[in-house]
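Have the model open beside this text. The walk starts with the sheets, moves on to the ligand and ends in a loop.

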Amino acid sequence: MISWDKSRQLIAKNEQWIPGGVVSLNRRCDPNICFHRGRGSRVWDIDGNEYIDYQAAFAAFFLGHNDPDVNAAVAQALQDERVLMGAGPTDMEGELAQLICQHVPFVEKVQFTSTGSEATYLAVRLARACTGRDHIVIIQGGYNGWFNEVAANVISSLPDIGPRVSPGEYPFDGLSAGVPESHKRQVHVINFNDLDSVEYVAKRYPIACIILEPILQNIGIVKPQPGYLEGLRKLADAHGFLLIFDEVKTGFRHALGGYQGLSGVQPDISTFGKAIANGYPLAVIGGKARYMDYFAHPEKAKRVLIAGTYNAHPIPVAAAIATIKKLASSQHRVYDHVGNLGQTLAEGLNCIWAKFGEPFYLARERSAFCLYFMDHAPRDFHDLASHHNFELDKRYRFELIKRGIYHFPLPLKQGSISFAHSTKDIDETLTKTEEVTRLLFR
Ligand SMILES: Cc1ncc(COP(=O)(O)O)c(C=O)c1O
């Protein structure tokens, strides 16, 4: 029987000094396990239990934990006595910027931040500066960070969300208290895959931008329907607002060129994070030069402020350069490997779940997957919230964790396969899954 006694004790101890006992309260979950170390596809907790990891720090570790090439690049930067001076440019930041612009098709120029939320914050600020407008559109079921404008969505109960389109106001209190009413009035929360609502809002309000994940990956894997992203591009052009793809989760994970490269739809501005530096704190805001150049606009009144003591710190920059080079190398064939594992896992899960007569749908985009307990691919958050069996999802995750297969223990959270996963990991995952399903439907 698995024991988490030491984890329990540590959380109780930390609660004395940290509200909620954990840094970032979205990490507080049940079971509340204290993880200690990780290598490749495996992580260990302080009670000594071993897990195959599909959480990957909310999808950040795409090469796996403590990837040897990324670790070597970081060690080299330390050995070379690289410094963060906060004065002038560095060769490494230039090299990284060039690599990104070469690989991501619709990014001509970039700036760096430490976190995805800073990048999305700046993307919205940039859009407001470029258009001279204040209102923004976000997507229910999406997640774009923690700041005021975007703290309104993700997983919210249907009665809280209110009408399909909520022009002119946050439909509810959102993810956070403390958001000023004036901010809420400029944010319009609409459904994914719903072009009519975008047009509805754009006709009535001065919209600076729509910011969205091109695939909703904070409520599993909810894909854009054919023509949706293209339709957004057309509406943006017709109404003069900017199209921002938040690729913090999709970028570098699905392809070097991000989801924009796969879909061929051109955003005006994009944001990246997570996989780009294999878990080191680095994020990117990038896009068309005519917009990005507002960061260095010759007229002071039009210049957009970007600052941050730790922006382009040499350690995460070294990690990002090593990560991108590995992703691009024909020797490693990273995307082929994770794609094959994803397919094997999906086929195995489909086979296991088909035996039980329980409605399910396995959604997958290459290395990212989510098992829904409903009988069709979700179209948007409302569809999910109305049909998905949340209770079964919770129990399923809990039983898997008890057997050493770690998925974040909250319904709808995506599973992430890394380059370090092996066919042996997938086989073990399927064996344990079969055991769990038999238990659930005994
Ligand atoms: C799509 C998306 N955008 C933005 C963010 C925020 O990134 P960070 O947590 O690095 O601030 C996240 C984090 O999960 C994300 O998934």
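An open sheet is built from 7 strands, ordered 4-10-9-8-7-5-6, and its pairing is mixed. Helices (H or I, at least four residues) and strands (E, at least two) are DSSP runs, numbered from the N terminus. Two strands pair if DSSP finds at least two bridges between them. The edges belong to strand 4 (109-113) and strand 6 (187-190), and each of these pairs on one side only. From one strand to the next, the twist averages 20°.

This is a predicted model: local features need pLDDT of at least 70, side-chain atom pairs count only at pLDDT 80 or more, and totals for chains, interfaces and linings use all residues. Residues are numbered from 1 along each chain as its sequence is written, and side-chain values use heavy atoms, with hydrogens and water left out.

Now look inside this sheet. Strand 8 (residues 242-247) and strand 9 (residues 269-272) run parallel, joined by 4 bridges. Isoleucine 244 stands opposite isoleucine 269 of strand 9. Helix 4 (residues 91-103) packs on the sheet and touches strand 4 and strand 10 (283-287). Contact here means heavy atoms within 4.5 Å. The direction of helix 4 makes about 125° with that of strand 4. Axes are lines fitted to C-alpha atoms, for helices over the stretch in contact, and angles run from 0 to 180 degrees between N-to-C directions. Helix 8 (residues 195-204) lies across strand 5 (135-139), strand 6 and strand 7 (207-212). Its course runs at about 160° to strand 6.

Alanine 368 faces serine 416 of strand 14.

Turn to the ligand. Which residues are around it? They are Thr115, Gly116, Ser117, Tyr143, Asn144, Gly145, Glu213, Asn218, Asp246, Val248, Lys249 and Lys274. A residue counts as near if one of its heavy atoms lies within 4 Å. By class, this shell holds 2 nonpolar, 6 polar and 4 charged residues. Ala, Val, Leu, Ile, Met, Phe, Trp, Tyr, Cys and Pro count as nonpolar, Asp, Glu, Lys and Arg as charged, and the others, Gly among them, as polar.

Polar contacts (pairs of N or O atoms within 3.5 Å) come next. The side chain of serine 117 has an N or O atom 2.6 Å from a ligand oxygen. Aspartate 246 places a side-chain N or O atom 2.6 Å from a ligand nitrogen. For lysine 274, a polar side-chain atom lies 2.8 Å from a ligand oxygen. Taken alone the ligand exposes 390 Å², and the protein buries 84% of that. Such areas come from the Shrake-Rupley method with a 1.4 Å probe.

Finish in the loop between helix 1 (5-14) and strand 1 (35-39), where proline 31 sits. A cis peptide bond joins aspartate 30 to proline 31, with omega about 5°. Serine 24 lies in the loop between helix 1 and strand 1 too. Its phi is near 70°, a positive value in a residue other than glycine.

Notes:
Polar contact = N/O pair within 3.5 Å; in protein donor to acceptor, adjacent residues only side chain to side chain.
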